[in-house]
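Colleague: Please take a close look at one part of this model for me. I would like a connected account.

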There are 2 protein chains.
Amino acid sequence: MGQRIAGFPDTVIITEVGPRDGLQSEAEFIPTAQKIALIQSLLDAGLRRFEITSFVSPRAVPQMRDAAEVMAAFRDRDDAHLTALVPNLRGASAAIEAGVDAMVLFASASESHNRKNVNRSRAESLAGFAEIARLAEGSGTALQGAIATAFGCPFEGDVALSAVLDQAKAYRDLGMTHITLGDTTGMATPALVIDWVQALAEALPGVEFALHFHNTRGVGLACAYAGLSQGVRHYESSIGGLGGCPFVPRATGNVATEDLAYFLEESGVETGTDLDRLIEAAALAEHLVGRELPGQIMKAGPRLKTASMDSVRTANG
Amino acid sequence: MGQRIAGFPDTVIITEVGPRDGLQSEAEFIPTAQKIALIQSLLDAGLRRFEITSFVSPRAVPQMRDAAEVMAAFRDRDDAHLTALVPNLRGASAAIEAGVDAMVLFASASESHNRKNVNRSRAESLAGFAEIARLAEGSGTALQGAIATAFGCPFEGDVALSAVLDQAKAYRDLGMTHITLGDTTGMATPALVIDWVQALAEALPGVEFALHFHNTRGVGLACAYAGLSQGVRHYESSIGGLGGCPFVPRATGNVATEDLAYFLEESGVETGTDLDRLIEAAALAEHLVGRELPGQIMKAGPRLKTASMDSVRTANG
């Protein structure tokens, strides 16, 4: 573990979103047993919070049609916190029945993206969340909120901080005390992160904020640095960087969990993870999807893995 | 331009190393005219400092055999600062004759890497630099120093800060007031950067330090963030991320200039560069080497380049 960078928190909780956010955009169905093996390898690497699946229409997102089976494999793991994405009442019922610890409700900070993503206005999304909140009451299942396009919209450009603040307040009023700011298409910058986090912490002092960055423009970990400098303790990432950017074919998506964990541990921040095992899990993820993933540390290995002097050729620095 | 992050400098100088560090490891010779076209496109994008070539044995590094011709194409650009890597007296004579603004002398902070890289002990390298310094005296050509493996050695592991400090002092004693810390194989971490930069600034107050990071383990820009937080104003990078890591086949090497410039400008730091033109130069670099380069922003485009809502398919955030 590295020396702690001044201002950084001493521990961080990483929520692994690969099994849901990462896999859902895969065209080929990943067999349920392989999803379960991947999640098990992530547990073995020390991760304890998962966005494990989503209870959506199997017609809309066929990859997630095994949501109940995936949940069933892990619902008895009392040491793990398992969440699932839920778009509507039907999904919420299924998620409660499946025994998730929390349902994640999501809407975008931009009107166009929300309409494109879920075919509703933002107001309609919030009205739906109120119904889900009534259903959840007394069920023992918590609610979490996710704000997509929180740092910018691929259709509209910049998103107003006021839109994010209003949405977070609406979530809080529905009882959500854990809210994720999602950088859906990699438009976050470190300066925006600092602004947003400061304003949200001031406006909503009882709420825990989580940050979810994409590395689409290379600054995913620099954005995490910015969040850490403000004391933010929750980050979401995806093993190997699973999960592409739907807007640009060659661009990368989610920050890779093992790269984030490496950065954190080398910055003196405890994550409870084992880097070697995260790298193994990333290799498994790469195997499951059958193509190279964008994570870096899985290719280079830990920094103190030394090479033999005979194994390489150098050319002047 | 973004809002300035507290503690960051207001301007940063980027030294583009792609034409030397990036291209030298290409197996296929890049024709001189194409090298010149690439450098011209980088000038058009606003860059003004270049590690433009290296005056080395054409047998050892055939890619750089056109060093004098490349220099000749730009030596009259009085608005550009052109440096070249120089390994010995013969190279130094050629560099002075070619009219470089400064010669870059380089040795590693680790004994094994220096021996592997230039087949000499560190002490032998420094003795050679003293001869070059005598040659340079009165020539009007400045000397700069580069410390390779400044944050770790692929053969030895951690490098002692004292080794870096001693080397920087030896450089300063030879008259070098601009010294680059090279993260040759991507072993720098933000916490190490903060430590090293603070210690060097304290020990050598008159010296300008430049930071050169590799993105081999994903934290290249997080390391730049660390340097910026300490007020460091000089960074080296390579267009498109040209230049691989010689130690790990799939791993990436240099931080991409356009990604660094994007991060800086979005953090309120002036670089004098034009992002659209940097992206064009990165595309040209990709064309010259004939394969995909690791830079991110060249694939995703600037953050406010909006998409049409019909052009994409999304699946729940």
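**The barrel, then the interface**

Modeller: Start in chain B, where strand 1 (residues 13-16) and strand 2 (residues 49-54) run parallel and are joined by 2 bridges. Pairing here takes at least two DSSP bridges between two strands. Strands (E, at least two residues) and helices (H or I, at least four) are DSSP runs, numbered from the N terminus. Thr15(B) has Arg49(B), in strand 2, as its bridge partner.

This is a predicted model: local features need pLDDT of at least 70, side-chain atom pairs count only at pLDDT 80 or more, and totals for chains, interfaces and linings use all residues. Residues are numbered from 1 along each chain as its sequence is written, chains are lettered from A and ligands numbered from 1 in the order written, and side-chain values use heavy atoms, leaving out hydrogens and water.

Now the whole barrel. In chain B, 8 strands close it in the order 1-2-3-4-5-6-7-8, with parallel pairing. From one strand to the next, the twist averages 30 degrees.

Next, the interface. Chain A gives 75 residues to the contact (heavy atoms within 4.5 Å) and chain B gives 75. The rule finds 2 salt bridges across the interface of chain A and chain B; a salt bridge puts a side-chain nitrogen of Lys or Arg within 4 Å of a carboxyl oxygen of Asp or Glu. Asp158(A) forms one with Arg303(B), with the closest N and O atoms 2.9 Å apart. Several helices of chain A each supply at least two residues of its side that touches chain B, including helix 1 (18-22) and helix 8 (190-203).

How values were computed. Axes are lines fitted to C-alpha atoms, for helices over the stretch in contact, and angles run from 0 to 180 degrees between N-to-C directions.
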